[in-house]
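Please consult the sequence and structure below before reading on.

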Protein chains: 2
Amino acid sequence: MRVSYLDVKAAILGRIRGGALVPGDTVPGEEALAAEFGCARVTVHRALRELAEAGVVERRRRRGTRVRLPVARDAELVIPSVRAEIEATGAAYRYELLSRRIAPPPRRVRAALGLAPGSKALHLRCRHWAGARVHQLEDRWISLATVPAAAQADFAQTGPNEWLIRAMPLSQVEHALSAANAGEAEAALLGIAPGDAVFVIERRTWIEGEAITRARLVHPGATHRLVARTAPPL
Amino acid sequence: MRVSYLDVKAAILGRIRGGALVPGDTVPGEEALAAEFGCARVTVHRALRELAEAGVVERRRRRGTRVRLPVARDAELVIPSVRAEIEATGAAYRYELLSRRIAPPPRRVRAALGLAPGSKALHLRCRHWAGARVHQLEDRWISLATVPAAAQADFAQTGPNEWLIRAMPLSQVEHALSAANAGEAEAALLGIAPGDAVFVIERRTWIEGEAITRARLVHPGATHRLVARTAPPL
DNA sequence: GCGTGTAATATGTATGCACATATTGCGTCA
DNA sequence: TGACGCAATATGTGCATACATATTACACGC
């Protein structure tokens, strides 16, 4: 059989795992590897490119390809839509709109969205139920400058997240994760005791550099957990 | 100038952003796009492949290339080494080994590591300081079946994480994130009040399917936060 | 009508070749 | 001796072509 770029990739990876190549070492050049494996240089190139994309090696012209030392392991964090997350557990999903108003956002939110002082935004507060338990409390501000259509939507039936994904399919997202103690009001809405640990996600999204929305998503800490993995195959 | 795969990529992406292609739509075939852009099919192929890797489109043979609806937005979560994380803030990093012993792990840990009943593992408890504040409490079990060399290392100076990265450069990692209330003992070691929210990371790593270690990393919730972003450029 | 084999089709991969581009190092010339 | 420039080299990208493979649709036979 012909030599696949996967064969080359696996071979190099094997040398690193086996210790034949240690972090800092220079991998043989594409030409040399092509000769060794009996394949075209392009095939080796693809193998090395994928390894570079995976962060295993580092490539620079004229310098060659070197084995990276894995300083910080990155992992892929999947934050599913609330609905999907809940329905995956088998529980019934219910969405509830607590309040909806157009108002000038507090300074902290204004800064997070990069809005001009005095400008108004859409403020939504919602609750997401998993059966009889509250799964998530959502406090969201949407920039009307970026998404004017949001002023017309009433969000009584559809949650703002699902609405936004439909309205603006491609966006950049940032998630900040932290732990906190539930305040009085929060605890009451979540159905937990004040002081209980909550898992907080602060999500901000942009499209082409324009801020779309900032959402503070609060979950009961006892039940919620997020899982991130490194890409399995390599 | 010749047509770059980046041009094709940008063009398709533009159509999606502009609404010319909406989620569910089928992108024209590689042959058709190649004719349209005046380039080789391989060039179109590479553009589409990268878009598929980025999760923007979904490709299946014979079926064609379709625009994905972004159900779950993935983000890249970077969990830095404790040392790097602390030194980045300018605070002084200090590592402290609290205890070290070889013992049979509790059932929960044994299950997490996939160890046989009765087998022993290395148990380490450490504290990571950022200046005068405790940044992280580490409770770690290392499988001696997978990493026998760990039995010799004393971990008095070097933290187990740094040691393991050196010993096993390429591994698979899983992180589970959650919030909890600090227990009595934990709170005392962290220098916070019992009941205060803590941010917990449970990290498990494998190499070639063999479990290496399980670490429970506890941080004071008030100060700790993790940030994940989607890849910026696309 | 129904299952099945087969052709058509879209994507996936490999090759040889050519040229582009970045970087290093050495040699040339003032 | 030092500044500059050019050649050597390794990776990066594009094209034409060929063949591989998965999946769908359709024709065929029962």
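Chain A contains 7 helices and 11 strands, where helices (H or I, at least four residues) and strands (E, at least two) are DSSP runs numbered from the N terminus. This is a predicted model, in which local features need pLDDT of at least 70, side-chain atom pairs count only at pLDDT 80 or more, and totals for chains, interfaces and linings use all residues. Residues are numbered from 1 along each chain as its sequence is written, while chains are lettered from A and ligands numbered from 1 in the order in which they are written.

**Fold of chain A**

- Chain A has a radius of gyration of 24 Å, well over the 17 Å that the globule rule gives for 234 residues, so it is more spread out than a compact globule. The radius is taken over C-alpha atoms, and the rule is 2.2 Å times the number of residues to the power 0.38.
- The C-alpha trace of chain A spans about 70 × 40 × 30 Å along its principal axes.
- Buried residues make up 35% of the 234 in chain A (buried: 20 or more other C-beta atoms within 10 Å of the residue's own, with C-beta atoms placed from the backbone).

**Contact between chains A and B**

- Chain A brings 45 residues to the contact and chain B brings 44; two residues are in contact if their C-beta atoms, placed from the backbone, lie within 7 Å.
- On the side of chain B that touches chain A, β8(B) gives the most, with 10 residues.
- That side of chain B divides into 27 nonpolar, 9 polar and 8 charged residues. Here Ala, Val, Leu, Ile, Met, Phe, Trp, Tyr, Cys and Pro count as nonpolar, Asp, Glu, Lys and Arg as charged, and the others, Gly among them, as polar.
- Strand β11 (residues 225-229) of chain A runs antiparallel to β8(B), joined by 5 bridges; strands pair if DSSP finds at least two bridges between them.
- Within β8(B), B:Ser178 is the bridge partner of A:Arg225.

**Surroundings of the DNA strands**

- Around DNA strand C there are 23 residues, of which A:Ser4, A:Ala40, A:Thr43, A:Arg62 and B:Glu30 come nearest; a residue is near a strand if its C-beta atom, placed from the backbone, lies within 6 Å of it.
- The surface near DNA strand C has 11 charged, 6 polar and 6 nonpolar residues.
- DNA strand D is surrounded by 24 residues, the closest being A:Glu30, B:Ser4, B:Ala40, B:Thr43 and B:Arg62.
- The surface near DNA strand D has 11 charged, 6 polar and 7 nonpolar residues.

Terms used. A residue is buried if 20 or more other C-beta atoms lie within 10 Å of its own, exposed if 12 or fewer, and partly exposed in between; C-beta atoms are placed from the backbone.
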